Amino acid sequence: MTSAHSRYHDVYARWKTNPVGFWEEAAREIDWIRPADKIFDPDAGTYGRWFVGAQCNTCYNAVDRHVATRGDQAAIIYDSPITGTKQTLTYAELQDEVATLAAVLQDMGVRKGDRVVLYMPMIPQASIGMLACARIGAIHSVVFGGFAPKELATRIDDAKPKVILSASCGIEGSRVIPYKPLLDEAITLSSSKPDSCLVFQRPQLDCSLVDGRDRDWKAEVSRARAEGRKAECVAVAATDPLYVLYTSGTTGKPKGVVRDNGGHMVALKWTMKNFFGVDPGEVFWAASDVGWVVGHSYIVYGPLLHGATAILYEGKPVGTPDAGAYWRVIAEHGVVTLFTAPTAFRAIKKEDPDAKLLEGHDLSHFRALFLAGERADPDTIRWAETILKVPVIDHWWQTETGWPVAGNPLGLGALPVKHGSPTVPMPGYILEVLDEGGKPVPPNTMGAIVIKLPLPPGCLPTLWHADERFRESYLSVYPGYYNTSDAGYLDEDGYVWVMGRTDDIINVAGHRLSTGGMEEVLASHPAVAECAVIGIKDALKGEVPCGFVVLKSGVQTAPERVETELVSLVREKIGPVAAFKLAITVGRLPKTRSGKILRGTMKKIADGDSWSMPATIDDPIILSEIGDVLKQRGLPG
Ligand code: COA
Ligand code: AMP
């Protein structure tokens, strides 16, 4: 299948013939302090490094360089229906805010290479904080607000930040969530204490500050401004880390994905026009959170590197105040492109199936909807196409890659859409599907989706202070390839179909979570002998976790009580984001004769999918017991 209008095949072929030349050309869109000695050095790093020898500053490219030509243009539009606040920051204002905050950070002792953790709600100060770090060469590490103190503490211990940026509260729907007690607890739990914290007091909640450690954000910024202190952009190596973003791995210990400065800028800038089809000056909205990679790439860096206007939305697709919230934002701010997770559209569809709330909103300037973060189910895509009457584009990527691995490149001219497939690999990526032995499988055959090394600019060069874990996790399984841990197939037209994970990661409302991490929490309960957590189908969130636990013999507590305690424990240890609401006590867990828990078969039973009795099962009766228990709970079973 080809498209007469799309330049995709030519551009992909051009990249494949000369990858170094391709990225050298793309790099001309970035202002460098010193050009690269080598565009790609295959001998550096774990699989090679991009733009070796170059010096640059990401904040300069995202903010300062636009001030002369588009200083009065909106850089960030903050829209917060939950607080009734709207605020526009022009590029000139953003530069002033970022340079001033960067001076405050310097005053707090932050220097090039130091880490700064951000635990922030969706307010402009989150973007300003990230850019201020980039300005002075500090490495930011944003932790999503829905994570509990223990998860935050784990990340603090790994990143060892000099300073933490936070705010008095987040707001979830109608609830004000005090962040400061969570931060204080995390610091108590962590063994690596920050020197200081800078706390933004929101009007919705004032929090107390710890003497000698905490400083008031607004007061510090006002003081720096009154004294005329601003920080200049610091030159960093293109290969220096811009940020570390922790993501779920197969254990409770998250992986610190490292993003460098140079390759990241080149890749993101390329995607804005060529993939999303957005021009500088236009309004781009990624409805996600700065705590996720989508937020890093497309709420903060991508649009700003491109000179576009970024929307920062503090709200939900539904309930803030209703399922028309997205249409209101698109119409009011002239959004040309929206990027969100399919779950958001499932939520809107559930509340307003006929899209009545679209009426009265002028969406004539709206050009495309991009979906990622989880598999875009064909029903949701079709519904979105019908109501919006614009291209709905599924694209597939990961925290590790930082930008789309596969998608339908609107900017190059869209290819024909196949519902359920995120279309084709982007320049930079050669995709293959391998069997368990590492051999390529024929088209339309399921296997492990891998990317031929080297990875393109923007992808992770390694994990934070863990080269060996990086090699083991991603490079060692299929030598010469990066293992995506996604399973799927390539069809006869080269379209990729991403069907699920090959590890224990589940995707809950577009949030990536480790069932292994949840099992560690369940196993820590004194009444639990053994447990298994699986992701089961959910009409809204795609998947939700479900924990099966076997109690220790002699436990006196009622099973229902243990189940309730387990639900609270996961919320307390991992956070509300885990959406862990279902713990089920069972007599035994189904296992193979070698003792491996049959999670895959349990999932099929819980989802009501067809399944067959594994030949290696130890005791077949246990699976029917699991089915019975699930039926009692109203699940397919
Ligand atoms: N701070 C504190 N708590 C948070 C939080 C934050 N930043 N973000 C989420 N939570 C809490 C929620 O309040 C909820 O708590 P609850 O169990 O007490 O209700 C829990 O974490 C789960 O949150 P979420 O998964 O967002 O579920 P939801 O029911 O509140 O909303 C959707 C469901 C579909 C509307 C929502 O997930 C959504 O808008 N998704 C859009 C896409 C998206 O953000 N994708 C991210 C990757 S692109
Ligand atoms: P994260 O690192 O949080 O962005 O999660 C990445 C994972 O989400 C991928 O490895 C996939 O399993 C899943 N994912 C993201 N986008 C898609 C998509 N378009 N189709 C299918 N799965 C996706």
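**View 1. The shell around ligand 1.** In this predicted model, 23 residues surround ligand 1. The closest are Glu172, Arg175, Lys316, Pro317 and Arg571. By class, the shell holds 11 nonpolar residues, 6 polar residues and 6 charged residues.

**View 2. Polar side-chain contacts to ligand 1.** Glu172 places a polar side-chain atom 2.7 Å from an oxygen atom of ligand 1. Glu172 is also among the closest residues of the shell. For Lys316, the distance from a polar side-chain atom to a ligand 1 oxygen atom is 2.8 Å. Lys316, too, is listed among the closest residues. His511 has a polar side-chain atom 3.5 Å from an oxygen atom of ligand 1.

**View 3. Burial of ligand 1 and the elements around it.** Taken alone, ligand 1 exposes 930 Å². The protein buries 85% of that area. Two elements, β10 (175-178) and α12 (342-351), each give two or more residues to the shell around ligand 1. Arg175, one of the closest residues, lies within the range of β10.

View 4. Domain 1 (8-315 + 395-452) supplies at least three residues to the shell around ligand 1. Domain 2 (505-632) also supplies at least three.

**View 5. The annotated span 518-596.** An unreviewed UniProt entry lists residues 518-596 as "domain: AMP-binding enzyme C-terminal". The end C-alpha atoms of this span lie 18 Å apart. Residues 518-596 are 27% helix and 30% strand.

Definitions and conventions
Residues are numbered from 1 along each chain as its sequence is written. Chains are lettered from A and ligands numbered from 1 in the order in which they are written. This is a predicted model: local features need pLDDT of at least 70, side-chain atom pairs count only at pLDDT 80 or more; totals for chains, interfaces and linings use all residues. Side-chain values use heavy atoms; hydrogens and water are left out. A residue is near a molecule or strand if one of its heavy atoms lies within 4 Å of it. A polar contact is a pair of N or O atoms within 3.5 Å; within protein, one must be able to donate a hydrogen and the other to accept it, and residues adjacent in sequence count only if both atoms are side-chain atoms. Accessible areas come from the Shrake-Rupley method with a 1.4 Å probe; for residues, only the protein chains shown count as cover. Helices (H or I, at least four residues) and strands (E, at least two) are DSSP runs, numbered from the N terminus. Ala, Val, Leu, Ile, Met, Phe, Trp, Tyr, Cys and Pro count as nonpolar, Asp, Glu, Lys and Arg as charged, and the others, Gly among them, as polar. Domain bounds come from an automatic or database domain assignment. UniProt positions are given in the numbering used here, feature names are shortened, and annotations may be inferred rather than shown by experiment.
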